[in-house]
Amino acid sequence: MKLPTLAALSHGRLVMALRESFLALLPLFILMHAVGLLVDLAALAQWQLPWDSLSLLRSVRVFLMYCWPLAIGLALTIHLARAYEVDSVVAAILVLGLLLVAVQTNGEFESIKLRVAWVSMGAILLPLVGVWMLRLCLALMPRLDTRALSMISPALARTVVHIIPFALSFISLSVALTVLPSELKAPLGPWVRSLPEGVALVLSVVVVNVLWWTGIHGAIAWDLLTGNALWEIQIGGGATLAELMYGLVYAGGSGCALALALCLWWYVKDDRDRRVLRWALPFSVVNISEPLLFGLPVVGQRRLLIPFVVAPLAGAAVALLAFQWGWVRFDRGVYWMMPFGVNAWSLSSDPWPLVGMQLLILMTAIAVYRPFVRQMAVAQSMTEFSRHLAEQLGVGPSQELDAERRYAQSLAALQASHSEAQEAMKLVERGSLHLYYQPKLSAQTGRITGLEALLRLELPDGTVMGPGQFLPALERAGYGDMFDSWVIKQVALDRAQWRDQHFECSVAINLTAASLADDRAFASMMQQLSGPEGDGLEVELLESSLASDPAKVKAHLAALRSRGGKVLVDDFGTGYANLAVFHSADVDAVKIDRSLLVGAVQPRGAQLYREICSTLLRLGYRLVAEGVETVAEMRFVCSCGVQDAQGFWISRPIPADEVPGSIAGIEARMGAQGLA
């Protein structure tokens with residue numbers, strides 16, 4: 001499996017899922033931190049609130065501390081499941097169950113901070129691992145035949161398919177969640193405490209910020225792995241390593257987010273990014289970096305990885321030297337949400353040296369970020385140039401690549417597609433599927449040379465619907481290969497009945513793009529065709545199916561032809577009309593769409609039809625004229641050299657049980673008209 005590059009990570013499905021999950025829950029995030037800030041300010045200022053409001057706010061704060069991981073875990077699961085084509089309901093139930101297991105097992109940790117840290121880590125990692133395990137189990141399991149269940153209820157079919165993968169994923173991950181807390185009780189704590197304070201500081205800054213860059217809460221993860229070791233390592237000047245980092249180094253949060261936000265505000269002109277910055281800057285002032293990291297996003301952005309680590313690393317070096325040399329000191333504890341710069345008055349009785357040191361660290365971080373942000377802005381300026389050029393030339397509205405708008409449009413399209421698929425499923429559940437067969441006539445002999453199987457849906461009121469009224473929506477929802485499989489089986493049953501009546505004829509089936517493009521669907525179809533069901537079958541494909549993935553199409557069509565099947569291109573003239581694609585795919589015959597025949601009533605249209613037929617014949621393709629509805633049209637296509645014809649003048653589609661008798665009648669009629 002090809003691994004994603006750093007360049008692709010920031011635009012990958014994982015990063016976009018993290019980003020959209022966070023933005024969707026931004027109101028809850030704001031509420032959680034607002035309550036936390038109010039509780040801490042009330043405690044620091046010793047406010048006397050009425051009706052024991054402080055206790056109530058503390059209870060709400062604890063509830064939100066647990067509610068946030070559950071909410072972000074479920075939101076991330078749903079986005080990841082959609083991105084990686086896993087059933088979102090099954091994935092959400094799996095992750096919710098695992099998060100509840102994580103809540104039950106977090107009693108191994110002594111402090112509420114580490115308990116919340118354990119659940120918060122699970123909120124990010126469990127959706128990733130859970131969706132990955134579901135997808136892996138589904139890929140490795142033998143494919144279950146649920147077509148019969150799908151006709152009863154698609155939801156039931158999906159549930160049956162996911163039972164074993166769900167059970168395997170839940171059991172294995174639950175065991176891990178039960179075992180890991182005892183193993184993760186500060187496994188790195190003794191080692192980190194034994195390191196020199198400078199080495200411990202450098203290691204902590206690098207690990208924490210690299211984890212943040214990947215989307216994992218670095219501070220929580222590091223406290224979990226080290227058992228809050230940074231809060232115990234003294235560096236002199238009345239401070240611990242953790243207080244040094246939160247009080248001086250992290251200007252605006254992880255990665256010195258305030259410096260990054262200021263650089264971005266100066267250099268980046270993209271409207272979408274500036275909207276995100278307007279939201280993120282107020283949070284950066286109180287050292288909350290998540291809106292910037294996930295909203296922009298900084299997470300996964302390869303251009304910002306180096307400065308995101310180096311900026312706080314440089315600040316940590318400056319701050320450590322200042323403490324060791326006695327330039328600054330802390331007289332009181334650090335409150336991490338106190339605004340950078342303002343917190344100097346809270347930390348020290350002599351705040352001005354501390355303010356000067358904070359400004360120096362902030363300027364250093366800005367100097368580190370500046371060239372990287374500027375380079376990123378230059379890359380974005382090409383997009384700006386394209387937009388302004390389009391407006392200047394009057395070729396359309398602004399070409400701004402607005403990711404929010406595109407995401408909303410794609411989500412709306414997905415919802416519309418889902419609604420259409422649901423309506424189509426209801427139609428299929430109400431009615432019954434049948435195959436009708438339209439004959440193909442030899443222009444030279446007047447005899448029937450083959451049949452095309454056409455899918456029909458018969459409703460309880462007797463209405464018969466063509467596939468165009470229900471199949472496209474179901475194809476987009478991923479059910480196309482199921483219908484292909486049903487058609488192959490039904491054709492085999494119908495041909496068996498015809499043989500009992502001493503009638504034999506080749507049959508062409510229309511394959512959906514899914515059966516040709518998807519390896520698993522194609523393998524399943526080839527398994528069907530390897531038996532008696534595949535004898536004498538021809539395959540019709542749209543031009544778009546041939547052009548989607550030429551290499552894969554060529555390999556799959558070669559496999560079809562090795563089984564004795566023939567390949568026809570359907571509706572030529574309505575799609576790509578690319579002869580190079582035909583040549584690469586090595587098709588046997590081309591069916592010319594009726595739209596070209598309708599245009600042949602005009603001299604230029606008639607000449608076009610003749611030239612197309614002449615070119616295709618010279619290339620060695622067998623030609624089938626579609627949509628022949630009159631004697632005049634039949635004579636015209638015969639004059640163009642077409643070998644076979646199909647259309648209402650020859651016969652409308654015929655129910656399967658009427659085929660043998662109808663074919664004899666058609667051939668008799670053609671003989672009477674002098675075509676036999």
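Modeller: Because the model is predicted, local features need pLDDT of at least 70 and side-chain atom pairs count only at pLDDT 80 or more, while totals for chains, interfaces and linings use all residues. Residues are numbered from 1 along each chain as its sequence is written, and side-chain values use heavy atoms, with hydrogens and water left out.

Biologist: What makes up the chain in terms of helices and strands?

Modeller: The chain has 30 helices and twelve strands, where helices (H or I, at least four residues) and strands (E, at least two) are DSSP runs numbered from the N terminus.

Biologist: Why is lysine 591 called buried?

Modeller: Buried means under 20% relative accessible area, exposed means over 50%, and partly exposed lies in between, with a 1.4 Å probe and protein chains only. Lysine 591 has a relative accessible area of 0%, and is therefore buried. Of the 676 residues in the chain, 49% are buried.

Biologist: How do you know that glutamate 452 and lysine 591 meet in a salt bridge?

Modeller: The term asks for a side-chain nitrogen of Lys or Arg within 4 Å of a carboxyl oxygen of Asp or Glu, and the N to O distance between the side chains of glutamate 452 and lysine 591 is 2.9 Å, so the pair qualifies. Glutamate 452 is also buried, at 7% relative accessibility.

Biologist: Which parts of the chain does the pair of glutamate 452 and lysine 591 tie together?

Modeller: Glutamate 452 belongs to strand β4 (residues 448-458) and lysine 591 to strand β9 (residues 589-592), so the pair joins parts that are 139 residues apart in sequence. Both residues belong to a network of salt bridges that links Glu452, Glu540, Lys591 and Glu626, and the whole structure holds twelve salt bridges.

Biologist: How do you know that the length of helix α28 agrees with its number of residues?

Modeller: The expected span of a helix is 1.5 Å times one less than its number of residues. For the 16 residues of helix α28 (residues 603-618) this should give 22 Å, and the end C-alpha atoms are 22 Å apart, so the two agree.

Biologist: What puts the buried residues of α28 on the same side?

Modeller: The buried residues of α28 are Gly605, Ala606, Tyr609, Ile612, Cys613 and Leu616. They cover an arc of only 125° around the axis, and are therefore on the same side of α28, the arc being that of the directions from the helix axis to the C-beta atoms. The face turned away from that buried side carries the exposed residues Pro603, Arg604 and Arg618.

Biologist: Which residues touch the most other members of the largest nonpolar core, and what makes a set of residues such a core?

Modeller: A nonpolar core is a set of buried Ala, Val, Leu, Ile, Met, Phe, Trp, Tyr and Cys residues joined through side-chain atoms within 4.5 Å. Of the 112 residues in the largest one, Leu244, Leu248, Leu264, Leu292, Tyr369 and Val373 touch the most other members. Its largest share, twelve residues, comes from helix α18 (residues 351-393). Apart from this core lies another, of 75 residues, including Leu474 and Ile509.
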